[in-house]
Amino acid sequence: SEISRTMPVRPDGHISLPLIGEVQAAGLTASELQEQIQQRLQVYMSHPQVNVIVQEIRSRSFNIIGKVIKPGAYDLKKPTTVLDGIAQGGGFQDFARITKIYVLRRAADGSTAMLPFNYKQAIKGNSLNQNVELVSGDTIVVP
């Protein structure tokens, strides 16, 4: 009997399958995952045929661009605030306008929001509501 399903890998990196339950999918190639599922299904059936097809890659990451030491894309493996993101970007280059930083965030309807971030205020403990947690696809802009 053939079982076919489409499933996203959960944020914790696992998928849940009938019979075998939780399987770690994050960090594995499609063929490694296929192999794991096959091995675990052998307990229940002889010669299980397993195909894993990656439909969509949705790695969680944010970007930091502008006057930072290491601009680029960074993984969001754990909760990350704007300050954390700036730290991952290696801090500021000379002449960065640290009171004029903003986060570009794309909304579900396709529009883009600009969330202001004043570094000077944030490190003094003021305007901490600006130190938002980043979501996948955010871009920190350091002018």
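Student: Is Gly137 buried, partly exposed or exposed?

Tutor: In this predicted model, Gly137 lies in the loop between H3 and S7. Its relative accessible area is 38%, and because buried means under 20% and exposed means over 50%, Gly137 counts as partly exposed.

Student: Which residues does Gly137 touch, not counting residues up to four places away in sequence?

Tutor: Contact here requires heavy atoms within 4.5 Å. With residues up to four places away in sequence left out of the count, the residues that Gly137 touches are Ser61 and Leu104.

Student: How many Å apart in space are Gly137 and Ser59, C-alpha to C-alpha?

Tutor: Along the sequence, Gly137 and Ser59 are 78 residues apart. In space, taken from C-alpha to C-alpha, the separation of Gly137 and Ser59 is 9.5 Å.

Student: Which residue meets Asp138 in a salt bridge?

Tutor: The pair links distant parts of the chain, 33 residues apart, with Asp138 in the loop between helix H3 (119–123) and strand S7 (139–142) and its partner in strand S5 (residues 101–106). The side chains meet at 2.7 Å, N to O, and the partner of Asp138 is Arg105.

Student: What is the relative accessible area of Lys77?

Tutor: A search of the whole structure finds two salt bridges, and one of them joins the side chains of Lys77 and Asp75 at 2.7 Å, N to O. Asp75 counts as partly exposed, at 42% relative accessibility. Lys77 is exposed, and its relative accessible area is 72%.

Terms used. Residues numbered from 1 in each chain as written. Predicted model: local features only at pLDDT ≥ 70, side-chain atom pairs only at ≥ 80, totals over all residues. Heavy atoms only, no water. Salt bridge = Lys/Arg side-chain N within 4 Å of Asp/Glu carboxyl O. Buried < 20%, exposed > 50% of the residue type's maximum accessible area, 1.4 Å probe, protein only. Helix = DSSP H or I, 4+ residues; strand = E, 2+ residues; numbered from the N terminus.
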